[in-house]
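This briefing covers selected features of a single structure, arranged by topic. The sequence and the model are shown below.

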Amino acid sequence: MEDVVQWLKDNGNLKIIDTPLDVELEIPHVAYIEVKKEDSRPILFTKPINKAKGIEYDMPVLMNIFANKQLTEDIFGKHPDLVAEGIDELLKLKPPKALIDKIKMIPKLFSLKNVFPKRLNFTGECQEVIVPKEEVDLDTLPILKTWEEDGGAFITMGQVYTQSLDGSMQNLGMYRLQQYDKNRLGMHWQIHKDASHFFDQYQRAGKKMPITVAIGGDPLYIWCGQAPMPHGMFEMLLYGFVRGKNAQLVKSITNDIYIPRDVDVVIEGFVDPELTEIEGPFGDHTGYYTLKEPFPVMEVETITMKKNPVFAATVVGKPPLEDKYMGWATERVFLPMLKPMAPNLIDYNMPENGVFHNLILAKMKTLYKGHAMQFMHAFWGVGQMSFVKHAIFVGEDAPELESFEALTEHVLNRLTPERVFITKGIVDHLDHSSSEQFVGGKLGIDATDDEVEEGVKLLIDDAELLEKIQAIQPRVKQLKQYFTHTKNPVCVIAVEKKKSMQKLIKKLEVLQEHIKLLIIVDVANNDIDDPYMLVWRVVNNIDASRDVKLEPFIAVDATNKGEADGFEREWPGDTFCTKSVLDDLQEKGLIDIDEAFIRKFGLFPFNKDI
């Protein structure tokens, strides 16, 4: 991958767009539409411009690098399951007893020498051009503004390299970076991340923290940046393991941090531990805006780059997106690392419409009563798995975890209130639904047991059930039942919300003979005929300790929360495309979408016709 663009032309069906397009909204909107297609392709925008600033950039923008599952596998050079097998072998290595065992181990040990990054004592291709501090201007980079309400332009695929105060640990993370002006970036490292822990060390010591941000190079660097490596382990070890060769690193020009020699652009600087600035809002991968919040500021010391750099970027928002395929690879590779804490785990899956941390599906071999609950505690107590909000466990007789419809039926036939476990714990920094930031409700479902015997007492059709509910509350406007052939039909209702839904749930108890599982959503911006986006909405919008009731039927309030619910935090808005931008792109023939596509992926605000 010495030339990533050429490699993508040869292997990734690269789409090249030569039409001048604005880095504000236009380029991100094209990429956002493309990655939602079944046959999604990577895109190279050769003529990025900034209309507001009157800039024509001299470097192209590369997006949707991980455009589909096959391309992701090709970037790895092997199926991620093969990487997982190699990790599994390492985890199970035992000291050899006999001479023949020692001989057999030699190839494995020899291959491990390729894992460790190699520090070079010369400059790299990424340092062919060096911009001195007095000439630094971030406006020379085609940094994107994705959403209309974003607080500014953001670097979205920056590989952020940091090190501990004593230099003993190095970390690679991928954090968004807001451009404030010509030489300052906002550092959105979340409170639970290694870089934030390093920052705490510098802050306590009263010292400025060096940082180097790399953009581009081998796409595997990007994937490594978001990989959930154990604390203290440098992510470039994973690069060496996957590639089977050492990552070649060169020293930054202005600090002691080492970075890959072949990245395209390098931004070096430092963070003053006493300085913060408001960062955001930003339309994030949850499909919601994350709100304004103070974060550290990086002051840029120099920018270096290749002679002909390419600017890598991604777009985040509502699923499905590029992180679907990056997350798939992560899920496969890290399965062996979960098994030591959950040895009877068979497989797991984190659906992209559950935005990964919000929903995990797991298949396990159950050996005793409460085994699934034991796994729930294990998952919620270790590393990045501790951010998972909702976990559903099934037994080894369950359908494949990616067979979502069959799996849902399997779970619904085993669901009872007694098999639902609700607790509290840590939640992701981006979670908006918990009443208190960083801490919220968690829900586990143990569907490893036999089918339940009792189903809904009296199943009636949608029209009749809606009529009965509207007699109780006329603001319920729509109703649809799913999986009516199972023991727990799912009844979804859409409401024009004025008051707390807990009062409505209480009133609907009189209909308990017709309802086993009730889901409530707002009528605005929800299509009750679209289960994919309903799952996205529900797992984003609930705090299980507040919004899930188990008696007399299971009820889930997935509406937006506010004053009526006693919710005191600000509730963020959805990420929506700018209609005038999409209309213009459509007119230019750069995108091709219809009303069904727009509705399916919630591109614009809507109230479904009643």
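In this predicted model, E26 is buried, with a relative accessible area of 7%. The side chain of E26 meets that of K51 in a salt bridge, with N and O 3.1 Å apart. Because E26 lies in helix 2 and K51 in the loop between strand 4 (48-50) and strand 5 (55-56), this pair ties together parts that are 25 residues apart in sequence.

**Helix 2**

- Helix 2 spans residues 26-34 and is mostly covered, nine of its nine residues being buried.
- Besides E26, the buried residues of this helix include H29, Y32 and E34, and also I27, P28, V30, A31 and I33.

**Salt bridges**

- The structure holds 30 salt bridges. In general terms, side chains of opposite charge can pair when their charged atoms come close.
- K53 forms a salt bridge with D139, and the closest N and O atoms are 2.8 Å apart. K53 is in the loop between strand 4 and strand 5, whereas D139 is in the loop between strand 8 (129-131) and strand 9 (154-155), so the contact ties together parts that are 86 residues apart in sequence.
- D218 belongs to the loop between strand 14 (209-215) and helix 7 (219-226), and R243 to helix 8 (residues 236-243), so the pair ties together parts that are 25 residues apart in sequence.
- D218 counts as buried, at 3% relative accessibility.
- A network of salt bridges links D81, E331, R332 and D347.

- Strand 24 (residues 390-394) is largely enclosed by the rest of the structure, because five of its five residues are buried.
- H390, I392 and V394 point one way from the strand, and A391 and F393 point the other way; all are buried.
- Strand 23 (residues 360-364) runs parallel to strand 24 and is joined to it by four bridges. Within this pairing, I392 of strand 24 stands opposite L361.
- Between strand 23 and strand 24 the chain passes through helix 11 (residues 371-379), and this β-α-β crossover is right-handed.
- Strand 24 also pairs with strand 26 (residues 439-447), in the parallel sense and over five bridges. G444 in strand 26 is the bridge partner of A391.

**Cavities**

- Rolling a probe the size of a water molecule over the atoms shows where empty space is left.
- Helix 15 gives the most to the lining of the largest cavity, contributing four residues.
- By residue class, the lining of the largest cavity divides into five nonpolar, three polar and six charged residues.

**Backbone geometry**

- Most residues other than glycine have a negative phi, and most peptide bonds are trans.
- G280 and P281 are joined by a cis peptide bond, with omega about -5°. P281 lies in the loop between strand 17 (265-279) and strand 18 (282-283).
- A cis peptide bond also joins E551 and P552, with omega about 0°. P552 is placed in the loop between strand 30 (548-549) and strand 31 (554-557).
- F438 is not a glycine, yet has a positive phi of about 80°. F438 is in the loop between strand 25 (420-426) and strand 26.
- F483, which is not a glycine either, has a positive phi of about 50°. F483 is found in the loop between strand 27 (476-482) and strand 28 (490-495), and is buried, with a relative accessible area of 19%, where the cut-off for buried is under 20%.

Methods: Residues are numbered from 1 along each chain as its sequence is written. This is a predicted model: local features need pLDDT of at least 70, side-chain atom pairs count only at pLDDT 80 or more; totals for chains, interfaces and linings use all residues. Side-chain values use heavy atoms; hydrogens and water are left out. Buried means under 20% relative accessible area, exposed over 50%, partly exposed in between (1.4 Å probe, protein chains only). Helices (H or I, at least four residues) and strands (E, at least two) are DSSP runs, numbered from the N terminus. Two strands pair if DSSP finds at least two bridges between them. A crossover is right-handed if, with the strands pointing away from the viewer, the path from the first strand over the helix to the second runs clockwise. A salt bridge is a side-chain nitrogen of Lys or Arg within 4 Å of a carboxyl oxygen of Asp or Glu. Ala, Val, Leu, Ile, Met, Phe, Trp, Tyr, Cys and Pro count as nonpolar, Asp, Glu, Lys and Arg as charged, and the others, Gly among them, as polar.
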